[in-house]
Amino acid sequence: MPTQKTVAVTGNVLVAEAFRQCAPDVVPAYPITPQTTIVEEFAKFVANGRVHTEYVTVESEHSAMSASVGASAAGARVMTATSSQGLALMWEELHIAAGMRLPIVMANANRALSAPINIHCDHSDIMGARDTGWLILFAETAQEAYDNTIMAVRIAEHHDVMLPVMSTLDGFITTHSIDRAEMMDDETVAAFVGSYVPENALLDTDHPVGHGNFAGLGGPYFEFKHSQRLAMERSRGVVKSVGAQWSKICGRPFGVVEGFGMEDAEVAIVVLGSTAGNARHVARGLRESGVKAGVLKIRCFRPFPYAEIAEALKGVKAVAVMDRSESFGAEGGPVFLEVRSALYDLEKRVPVVDYIYGLGGADVKTELIERVFTDLGEIANGAAAPAGLVYLGAR
Amino acid sequence: MQQLTEIRWHARAGQGAVTAAKLVAETALELDRYIQAMPEYGPERMGAPIQAFTRISESPIEIHNNIENPSVVVVLDETLLPIVDVARGLGNGVLIVNTCSSPAAVRQALHLGEGTVACVDASGISQETLKRDMPNTPMIGALAKVTGLFTVDQVAGHLAKTFGKKFSQDIIDANIASVTRAFQEVQAS
């Protein structure tokens, strides 16, 4: 019988608890703000004997991911965590982890990239990793970060997937805020994730295999990449089914996209991460005054749920996409580009406006979200959509 | 109290405002409320002005931004009053200040019209009970009294539980004495 306890903890503490409950064989760790407390809390669990993990302290994130790749190829369940410059430093190995089809699970505390120096939340780091071949999950709350992390292990290790998964949470806003959450008992999580049985372990010397070999001229590289594409496509169903199974156990909903008021929304905001809550808070208020406002939260960014997004937005009169990162020189931020592309095949054209917001932790004030809904209301009533993207609240 | 209570804490780094924000949230959780507690992170320098936030609600809390329109503002250091606009966005809410001054004097100094102003000598109480200036726990006592969010016993009960893991019984008792005295001595108008 699953039993949950109500806790008041930070997102990072809850993610560290999820790590412990998933019992990884190896955790290579390197600290970086605002992720540090994940590996710090987890180190305490190891030191206190609450989890039996080989905890490898490395000298950089480059090494943290290299050690993760090595340990995972050897046949271990591997988890790690990073943020910002650390994720950027892992760039090479992120591709290697996905290309070698290693089911590593990594938490990322979403944070701005330098320069100028900034330690606060935005999605510049994670969007830089969007094409590395990892699955990417976003959490609105500490609770979702916990649930996503547990689900990530099952998804990554699924026979039809065998790809690494990033479970992300917004730096400081979610990593460092104390929030009310429900934590599942250890046995239920252990039973849910099961034990990892690697299929091509380097340490299985009775069945010798090679990993990451040279695949040069003549097509094998191309075939590998195609098989990665197919695995990512197969992961769509796996994310949903693992989400549904965890949802049934814990009693909390899971969707690759989660809508509020989308049944009859005329204006809608598409958003990732913690700001989804702010948007819903505002939409709730607007609904009380008769505005048909909706919010569509994307919880699974890779694979990108284009079909679900098109379905949810097809009847909406005006859509705002909230981008917490830039793609300088592109027509909009990364989320905008994908959302608008997802809407391309709809019969009726839906106007979409891109709002760049909250870079470097700029506070997402309620009035800013209200301004977005006001803009959308005007566009829904026939006003022209702004030409180009909008820097929301920039001086 | 209204359904969502938003508390903004002003202090200098090192006075325990982050701990206070957390303690208040945890105490509310024990009453089955939904809670949030977060500091505003910046460069950490002892003595620098800082803010922290606590939200308490009967229903799940969806907003994650800083608190711009607080229902309650708690100021742990009165030397912040001339340099930080502590009453920003407060409206007719409650301002609680650690000071020997009277509520009327604080109200006049800050040109406050509406709302409640409450004063308590939290540093003085702390000097007598804890033998050092640690105004955070007495300010929780004052907060409990002025807002009616908690009883003294609820605050003391949580302190005993959470401090019990880290501190000696003497320190726990001194903190509970601080809370109780501030609860009794806070003056509001």
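How many positive and how many negative side chains does chain B have, and how far apart do the centres of the two sets lie?

## Charges of chain B

The structure is a predicted model. In chain B, 15 side chains are positive and 20 are negative. The centres of these two sets lie 3 Å apart.

## Elements and overall form of chain B

Chain B contains 6 helices and 7 strands. Read from the N terminus on, the order of its elements is β-α-β-β-β-β-α-β-α-α-α-α-β.

A compact globule of 189 residues would have a radius of gyration near 16 Å, and the 15 Å of chain B agrees with this. Along the principal axes, the C-alpha atoms of chain B fill a box of roughly 45 × 40 × 35 Å.

Of the 189 residues in chain B, 53% are buried. The accessible surface of the chain is about 8100 Å², and carbon and sulfur atoms account for 50% of that surface.

Contacts in chain B can also be sorted by separation in sequence. Among those between residues at least 6 apart, 63% join residues at least 24 apart.

## A sheet in chain A

In chain A, 6 strands form an open sheet with mixed pairing, in the order β9-β11-β10-β13-β14-β15. The edges are β9 (257-260) and β15 (390-391) of chain A; each has a single partner strand, so one side of each is left without a neighbour in the sheet.

Strands of a sheet pair through backbone hydrogen bonds, either parallel or antiparallel. β9(A) and β11 (residues 293-298) of chain A run antiparallel and are joined by 4 bridges. A:Glu258 stands opposite A:Lys297 in β11(A).

Key:
Residues are numbered from 1 along each chain as its sequence is written. Chains are lettered from A and ligands numbered from 1 in the order in which they are written. This is a predicted model: local features need pLDDT of at least 70, side-chain atom pairs count only at pLDDT 80 or more; totals for chains, interfaces and linings use all residues. Side-chain values use heavy atoms; hydrogens and water are left out. Helices (H or I, at least four residues) and strands (E, at least two) are DSSP runs, numbered from the N terminus. The radius of gyration is taken over C-alpha atoms; the globule rule is 2.2 Å times the number of residues to the power 0.38. Buried means under 20% relative accessible area, exposed over 50%, partly exposed in between (1.4 Å probe, protein chains only). Contact means heavy atoms within 4.5 Å. Accessible areas come from the Shrake-Rupley method with a 1.4 Å probe; for residues, only the protein chains shown count as cover. Lys and Arg count as positive and Asp and Glu as negative; His and the chain ends are not counted. The place of a charge is taken as NZ of Lys, CZ of Arg, CG of Asp or CD of Glu. Two strands pair if DSSP finds at least two bridges between them.
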